[in-house]
Structure formats: structure tokens, C-alpha cells
Amino acid sequence: MSAGDEPADQAEGFPVPSSAGDAVRNPAQVSFWLLEPAADAAMTYFYAQLFAIDSEIGSMFPASMDVQRKRLFQALARITAGQDDPDTLTGYLTELGRAHRKFGVRERHYAIFRRALLATLRRFAARDWNEAAQRAWETAFDHAAAIMIEAARRDAEETPAWWIATVTRTELRGPDIAVLTLQPEQPLSYLPGQHVSVQTPRWPRLWRTYSIANTPHPDGLLRLHVRAVGGGLVSPVLVHQVRAGDPLVLGAPAGSMTADIRSSRDVLCLAGGTGLISAPSPRHREIVLYHGARRHQDLYDLAELREMELAYPWLQVIPAVADEPAGDVMSGTVPELAAKATFAERDIYISGPDHMIVKTARVLKERGAQDHLIHYDLEV
């Protein structure tokens, strides 16, 4: 599942201190969190610097930059906070380097990004900007860039930067939900649980992320479940305007929320949004799936899930709605369901919009769930 065009809450999901004084680990953290009160202005300044240094880079970005500015700030937050967890940070940067190939980013562009970023920090973190802070940022940036460049280089040896796919079928599942079936022109390998970014000819350079809703199949077809988000740009086009025969551009499959087939633990799934993955698990693992939605009509695939529940006795499906009387289903949001769920000694998988994932993971951790058993992907 994915949030589609829905903007993520700025910096939610990352350890954001309430003030720069809370970030005492290194000068890079101190200087970065000074940007937080003026995050949008700082990111606007960054892109202005970037485009002034090299006008060619501007062609990589969409005309509407609101979402891009938020995502950049979140990515910088994640990189800054990840300095004390190098393994996790390396994994994140590797995926980020692969993902940047679809924008046309080349190795030479990193030096330009570095100049623009340091200029932004120098201006907006002036109170605590000094030689130590600059050296810390230069070291952190150079390390991150090296990982991303190497990841992109290795990826380019095996796969294209993007795929052209033809829509072979569209199916409306509700007034604002559609299932699109796509046929990539070249083989596209992925694992169940991964997602792809999508670009439409209507909005060049504007990418939105959607989960692949089917397991890999010999015919190579992909299915994406898309909800038209109010105020969104890409998702309404995908739901209401795209027809069979239309082309779409796909980025490389990404995401680490794939099933651990070596585990013998039972499974708890907490899902909100669209695009549930249809991937039955081996019989020896009990699966409990909480499927949350705002309205009854948003439980558009409940009949199919009930059929799976009958076909696989070790699967239990528990639907819930948050904004309407519950009737014959549970009542509550996904984080509220997490507060009631039994999770002891289970692998936990959370999917949905970023803000929902963050709140759900927080509830589970407060109840004592172990970090290494909680699996999710954030869009950033």
C-alpha cells in the first residue's frame, strides 16, 4: 500500500528534537535542526541555489515543488539521524542512490548538491555554523554520496533507469479507486511487498509511489491499486483518465518490507489504504490481518480477502472503519487497532500512508514490541 499523492507529515517518523539543544551528538545534527523552524524556506533556498549553479538540474524536477521540498527535508533528517546506525543508513542510501537514476542524476551532480546544501546550512544555521559544523557536514555528505554513487553504478550494470509500461486494463473498484494492470516492455523483477514509482505523460518528472499488489507472475503483468487523493496531481489522472493502451513510466522496484520466509514466527499485519498484497504464507505460520479504512466503501477488496480467509485456514482477516458506524466490522483507526492487537513473538508488518505507519509503530513500541520484529517502508 502507499499514500499515493497524499503529502507526508513533515519530518514525522524521524527522531526530530523539539529544539536544537536536544541534538547534542554532533555539530551536523545541531546545525540541521536549526533549519526545522524554517524548513520550507530553507528547502526553497536550497533549490534556488541548485538551479542557479546548474540550470540543467532544473529540468529534472517538476513544476510543482511542494512535495519535493518536504521529501528533501525528510531525507536529510533521516540521513542526519542515521549517523549512529550505519548499517540502516547504508541500506537507505543504497536504495536512494538507485532511485535517483530515474531522475537522470549523474555523479557530477553530487558536487553541485553539496555546494547548494552547504550554502543553505551556512545561511539558515548561522547561529551555530562554524568550522566544526562544516567539516561534519562535508564528511557526512561525502560518505552518503559515495554510497549512492556506487549503488547507482552497480544498478546500471543490470537494469534500466526506468521502464515503459502499457496499461492493459483499468477496473474501477469505487468512485475514487481503480486497479490498473500494466505490461512493462522489459522484464521487471521484484519481490512481494515492494513498490514502484509511477510517472504519467500528463505530469512529467512528477513521481508517485504505489505498491505492487500481485506476486511475480510469468506473464510479467503488474497490478497497482490507486486511490484518487483530493488535491493530488498524479492519482486522479491514474484513476479517472488513464485508459487501456496508455503508457506509463515506472521506476525501479524498491522497498525492504518483504516477508522473512526463514522465520517460524506467526505474523501480525496492520494495513490501511489500498493495494493489499495477495501472497499466502506457508501453513505453519498463523497470520492475523487488521485492515483499516475510513469508510465501509473503502473496504473494497473485503470479499476477496474473505475468500482467501476460507482458502487458507491460518489467515484471519479483521476489517475496521474509523469514520462511520462500525456495523459488522470493528471500529477504529489502524493505530487504535494496534493498541488492541496481540503481537507477542510475532513478525509485524505495517503498510499504508507514512503518517499512519509512524503512529502505528509508535503504539506498538510503547506496548513493548521489539524493533527488530517490526517491518515497514516509508515513502521517503
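Visitor: Is strand E11 enclosed or open?
Guide: Six of the six residues of strand E11 (residues 346–351) are buried, so E11 is largely enclosed by the rest of the structure. Buried means under 20% relative accessible area, exposed over 50%, and partly exposed in between, with a 1.4 Å probe and protein chains only. Strands (E, at least two residues) and helices (H or I, at least four) are DSSP runs, numbered from the N terminus. This is a predicted model: local features need pLDDT of at least 70, side-chain atom pairs count only at pLDDT 80 or more, and totals for chains, interfaces and linings use all residues. Residues are numbered from 1 along each chain as its sequence is written, and side-chain values use heavy atoms, leaving out hydrogens and water.

Visitor: Which residues are on each side of E11?
Guide: Arg346, Ile348 and Ile350 are on one side, with Asp347, Tyr349 and Ser351 on the other. In a regular strand, side chains alternate between the two faces of the sheet.

Visitor: What does E11 pair with in the parallel sense over six bridges?
Guide: That's strand E7 (residues 266–272); two strands pair if DSSP finds at least two bridges between them. Leucine 268 stands opposite isoleucine 348 in E11.

Visitor: New topic: where is phenylalanine 141?
Guide: Phenylalanine 141 is in helix H7 (residues 131–156), and at 18% relative accessibility it counts as buried.

Visitor: What does phenylalanine 141 touch?
Guide: Not counting residues up to four places away in sequence, phenylalanine 141 touches Tyr110, Phe113, Arg114 and Leu117. Contact means heavy atoms within 4.5 Å.
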